[in-house]
Amino acid sequence: MRPAASIALPLCSAVGYTFAAMMLKRAMEGGHPWRVLFVVNLIGAVLFQTWLLHGGEPYTATNVGHAVLAGTAFFIGQVFTFIAISRGDISIATPVLGTKVVFVALFASLSGGEQLGWRVWAATFLTSLALALLGGEWRANRERLLVSVVFSFLASVAFAATDVMQQLWVPGLGFGHFAPVMFATVGTLSFALIPFFSAPLTAMSRTMVTWAFAGGVALTIQAMGIAYCIAVYHEVTVTNVLYNTRGLWSVALVWVVGHWFANAEKQVGGAVMSRRLAGALILLAAVYLSLA
């Protein structure tokens with residue numbers, strides 16, 4: 001019988017991600033994503049060092065290099081995600097981010113020389129259908145739709161590459177040693193964002209700092225929940241499927257409690273939000289097919 005925690009942790013992380021995304025979008029009001037991303041990544045870099053207590057295998061130049069490469073791919077995914085969230089809509093971006101698992105299946109097949117089965121092709125078709133539903137307001141909001149979809153897809157590719165790297169390289173170092181190096185890399189690379197700041201960090205308003213800090217902590221904690229679940233229960237597939245319910249939560253919570261975070265996405269209307277919900281459900285079905 002599967003432990004209850006192996007189900008509860010990914011589901012809680014999925015909800016946590018949606019709340020984190022709404023907090024961070026609130027922090028990025030006015031088009032200032034890079035200062036917020038910098039703060040978020042430094043929080044993650046610090047908190048993930050607690051994994052050192054878990055221990056792992058001895059460090060070598062090779063396995064440290066692997067962790068650095070994974071951290072670099074993750075950082076690139078973070079940049080694309082923040083562009084999608086800050087300039088697009090969470091209720092579109094988050095479901096599209098769920099296609100990461102489809103890309104993982106594709107990359108794994110390509111790297112292993114395996115033939116793609118009918119399920120992957122069906123998942124690809126369902127993904128296209130889902131995007132058509134998510135883009136139901138194409139004429140009314142073309143720019144935001146394009147940003148949400150394009151940059152979320154790019155983020156999915158980067159995060160999928162990160163997952164494949166972890167699958168290949170974490171066993172050689174142990175997650176307790178791999179994760180701290182990986183996220184220290186993310187924190188270090190974040191200093192490259194400083195030239196793109198719209199203003200110094202000291203110019204951030206108290207409201208902006210509050211939302212950025214809260215969102216950063218929430219984002220890191222939910223990531224730790226996923227990492228712990230994978231490290232302890234070794235059910236990467238089930239964990240990712242449960243975690244991808246964040247696509248559903250992103251639509252439902254934005255619709256119901258988005259106003260708590262000054263989020264106005266639900267003002268696009270009930271018909272559009274219903275199509276987004278249907279699109280999120282179809283994307284979730286696509287993910288199941290790709291993992292079957």
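This is a predicted model: local features need pLDDT of at least 70, side-chain atom pairs count only at pLDDT 80 or more; totals for chains, interfaces and linings use all residues.
**Exercise 1. Leaving aside its neighbours within four places in sequence, which residues is Gly 88 in contact with?**

Residues are numbered from 1 along each chain as its sequence is written, and side-chain values use heavy atoms, with hydrogens and water left out.

*Solution.* 
- Step 1. Find Gly 88 in the loop between helix H3 (61-87) and helix H4 (90-97). Helices here are DSSP runs of H or I with at least four residues, strands are runs of E with at least two, and both are numbered from the N terminus.
- Step 2. List the partners: Lys 25, Ile 83, Arg 144, Val 147 and Ser 148.
- Step 3. Take Val 147. In sequence, Gly 88 and Val 147 are 59 residues apart; in space, their C-alpha atoms are 5.6 Å apart.

**Exercise 2. State whether Gly 88, Leu 146, Cys 12 and Cys 229 are buried, partly exposed or exposed.**

*Solution.* 
- Step 1. Set the cut-offs: buried is under 20% relative accessible area, exposed is over 50%, and partly exposed lies in between (1.4 Å probe, protein chains only).
- Step 2. Gly 88 is buried, because its relative accessible area is 0%.
- Step 3. Leu 146 has 38%, so Leu 146 is partly exposed.
- Step 4. Cys 12 has 52%, so Cys 12 is exposed. Cys 229 has 1%, so Cys 229 is buried.

**Exercise 3. Compare the span of helix H2 with the expected span, then describe its cover.**

*Solution.* 
- Step 1. The expected span is 1.5 Å times one less than the number of residues.
- Step 2. H2 covers residues 33-47, which is 15 residues.
- Step 3. From first C-alpha to last, H2 reaches 21 Å, close to the 21 Å expected.
- Step 4. H2 is mostly covered, with 12 of its 15 residues buried. Among them are Trp 34, Phe 38 and Ile 43.

**Exercise 4. Describe the whole protein.**

*Solution.* 
- Step 1. Count the elements: 12 helices and zero strands.
- Step 2. Look for disulfides (pairs of cysteine sulfur atoms within 2.5 Å). The structure holds zero.
- Step 3. Check burial: 51% of the 292 residues are buried.
- Step 4. Look at contacts with a separation of 6 or more: 89% of them join residues 24 or more positions apart.

Terms used. Contact means heavy atoms within 4.5 Å.
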